[in-house]
Amino acid sequence: MKLGATFITFEGIDGSGKSTQARMLASKLLADGYDVVLTREPGGSPGAEEIRSLVLEGDPDRWSAETEILLFTAARRDHLERTILPALAQGKVVICDRFADSTRMYQGLSRGDLRGIVDQLHSLMIGREPDLTLLIDMDPTIGLTRAKARQTSEERFEDFGQAMQEQMRKGFLLLADEFADRFRVVDGGRTPEVVAEDVTRLTLEKLA
Ligand code: ADP
Ligand code: TYD
């Protein structure tokens, strides 16, 4: 087994292909001899998966904006303690579908400007950024159509609609500038295989 101890996250709007790319990258790295943990947020540990149903299902007005930030951060703390940090300590490559940048965008932008609170809570309770963040960028019209075709009960944020998805796309691109050292932007509007070629190249550059 090759040792990697690298924390890689995928970010982007709903339906951009993050889960697909995370899976493909995990298979590729496994085949290359890396020990890989593929995980996701919200979730990724038993406790955090329980919080996932609390935040993604039910009435959209179920939580205040502030409570929602606390719930996503609580889920992340559990995921970090129980899954991510132990795996990195064992030299594994951790691939995570969404992480704190999603909270910066969704909770930080969608119900007023709460980015300051998100960042304060992050430094207090999480204090860890990924080594590499792959932003799968794409046209929200296509992303939303793809996401809607999935038909799950986890629709709270997808129901934000077109304008919000457009705002999220712009927000993610600004975030990529803000954290330019760890972000790489990948054009998600191509076939999964072609997107995966870029994802693999950028990851191997980081692991080298
Ligand atoms: P996300 O995790 O970003 O929401 P998914 O990987 O779940 O996105 O993809 C959403 C849907 O779009 C899935 O049905 C998936 O099979 C499909 N899909 C993923 N990547 C592509 C692509 N590059 N081109 C066309 N369809 C895609
Ligand atoms: P996910 O399962 O990745 O959805 P998708 O595959 O559609 O991209 O995430 C579920 C939803 O949770 C998604 O709409 C974004 C939202 N979310 C937040 O609002 N804040 C967060 O911190 C995270 C991790 C996700």
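Reader: Which side chains does the polar contact of 2.7 Å join?

Author: First the general idea. A polar contact is a pair of N or O atoms within 3.5 Å; within protein, one must be able to donate a hydrogen and the other to accept it, and residues adjacent in sequence count only if both atoms are side-chain atoms. Here the side chains of Arg-111 and Glu-68 are joined at 2.7 Å. The Arg-111 side chain also reaches the backbone oxygen of Trp-63, at 3.0 Å. This is a predicted model: local features need pLDDT of at least 70, side-chain atom pairs count only at pLDDT 80 or more, and totals for chains, interfaces and linings use all residues. Side-chain values use heavy atoms, with hydrogens and water left out, residues are numbered from 1 along each chain as its sequence is written, and chains are lettered from A and ligands numbered from 1 in the order in which they are written.

Reader: Where is Arg-111 found?

Author: Helices (H or I, at least four residues) and strands (E, at least two) are DSSP runs, numbered from the N terminus. Arg-111 sits in the loop between helix 4 (100-109) and helix 5 (115-125). Its C-alpha atom is separated by 6.6 Å from that of Ala-65, 46 residues apart along the chain.

Reader: Is Arg-111 buried, partly exposed or exposed?

Author: Buried means under 20% relative accessible area, exposed over 50%, partly exposed in between (1.4 Å probe, protein chains only). Arg-111 has a relative accessible area of 32%, so Arg-111 is partly exposed.

Reader: Turn to ligand 2. How many residues surround ligand 2?

Author: A residue is near a molecule or strand if one of its heavy atoms lies within 4 Å of it. For ligand 2, 16 residues surround it; the closest are Asp-14, Arg-98, Thr-103, Gln-107 and Arg-150. Helix 4 gives the most to this shell, with 4 residues.

Reader: Which classes make up the shell around ligand 2?

Author: Ala, Val, Leu, Ile, Met, Phe, Trp, Tyr, Cys and Pro count as nonpolar, Asp, Glu, Lys and Arg as charged, and the others, Gly among them, as polar. The shell around ligand 2 has 5 nonpolar, 3 polar and 8 charged residues.

Reader: What lies 2.5 Å from an oxygen atom of ligand 2?

Author: An N or O atom in the side chain of Thr-103. For Lys-18, the side-chain distance to a ligand 2 oxygen is 2.9 Å. For Arg-52, it is 2.9 Å. Accessible areas come from the Shrake-Rupley method with a 1.4 Å probe; for residues, only the protein chains shown count as cover. Ligand 2 taken alone exposes 540 Å², and the protein buries 94% of that.

Reader: And ligand 1: which residues come nearest?

Author: Of the 14 residues around ligand 1, these are Gly-15, Lys-18, Ser-19, Thr-20 and Arg-190. By class, the shell around ligand 1 divides into 2 nonpolar, 7 polar and 5 charged. A polar backbone atom of Gly-17 is 2.9 Å from an oxygen atom of ligand 1. A nitrogen atom of ligand 1 is 3.0 Å from an N or O atom in the Arg-146 side chain. Taken alone, ligand 1 exposes 560 Å², of which the protein buries 71%.

Reader: Last, the sheet. What order do the strands have?

Author: Strands of a sheet pair through backbone hydrogen bonds, either parallel or antiparallel. Two strands pair if DSSP finds at least two bridges between them. This open sheet of 5 strands has the order 2-3-1-4-5, with parallel pairing. Strand 2 (36-40) and strand 5 (183-187) are the edge strands, each pairing on one side only. Strand 4 (residues 132-137) pairs with strand 5 over 5 bridges.
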